[in-house]
Amino acid sequence: MESGTVLRGIGCALSVALLSACATSYVLVGNQHAPTNPDQVRVLIQPPPHYETIAILQTSDMAGKPCFTAQCKTNKVMSRLKDQAAKLGANAILLEGLGSRYVGSVGSSYGTASYGHGYAYGSGIGISTAINSETGKALAIYVQSDPIYTPGYIPPGAIPEGSHH
């Protein structure tokens, strides 16, 4: 087998793995809102007091530009979750989990043999590596604003009846 054939085999295997990978998927379980800016989507690990669930999100780091470090993969997953949440009108995601899953493996080998009068010799070498994907799952939520934190908010009963301001 020539090295060009080996490289084509590796390229085809990687292409199949990357093309079969999913980007972000979601299940709409509530009402969509107007799209928001992904940079404004907050990441929460505890549910806030008042929120509305919009969708269940799931993603991986497989599609697009490859990442080789764990932090790069995690950043890519978080970015995808926030991007999809923003498209659905969420202003926060409630992170349910991050993980890793086995996607497949890629390998290549090369062998050669020679023989002559009274002898035969063969040798080969092979290499294989696993392909793992970082995954993430979250709820896209819309956090209701708490009037207590609104500038100029005056709580009910703070001004006695009959007084004018």
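Me: Which residues make the nonpolar surface patch of about 230 Å²?
Reply: Val 27, Val 29 and Ile 56 make this patch. Patches take residues with over 30% relative accessible area and no salt bridge, nonpolar side chains being joined within 5 Å. A salt bridge is a side-chain nitrogen of Lys or Arg within 4 Å of a carboxyl oxygen of Asp or Glu. Areas come from the Shrake-Rupley method with a 1.4 Å probe. The model is predicted, so local features need pLDDT of at least 70 and side-chain atom pairs pLDDT 80 or more, while totals for chains, interfaces and linings use all residues. Residues are numbered from 1 along each chain, and side-chain values use heavy atoms, without hydrogens or water.

Me: Is Ile 56 buried, partly exposed or exposed?
Reply: Buried means under 20% relative accessible area, exposed over 50%, and partly exposed in between. Ile 56 is partly exposed, because its relative accessible area is 32%.

Me: Which residues touch the most other members of the largest nonpolar core?
Reply: In general, nonpolar side chains in soluble globular proteins tend to be buried together. A nonpolar core joins buried Ala, Val, Leu, Ile, Met, Phe, Trp, Tyr and Cys residues through side-chain atoms within 4.5 Å. Here the largest has 14 residues, and those touching the most other members include Ile 54, Ala 55 and Leu 81. Helix α2 gives the most, with 5 residues.

Me: Where does the side chain of Arg 80 reach?
Reply: The side chain of Arg 80 reaches the backbone oxygen of Ser 60 at 2.6 Å. Arg 80 lies in helix α2 and is buried, with a relative accessible area of 16%.

How values were computed: Buried means under 20% relative accessible area, exposed over 50%, partly exposed in between (1.4 Å probe, protein chains only). Helices (H or I, at least four residues) and strands (E, at least two) are DSSP runs, numbered from the N terminus. Patches are made of residues with over 30% relative accessible area and no salt bridge: like charges are joined within 9 Å, nonpolar side chains (Val, Leu, Ile, Met, Phe, Trp, Tyr) within 5 Å. A polar contact is a pair of N or O atoms within 3.5 Å; within protein, one must be able to donate a hydrogen and the other to accept it, and residues adjacent in sequence count only if both atoms are side-chain atoms.
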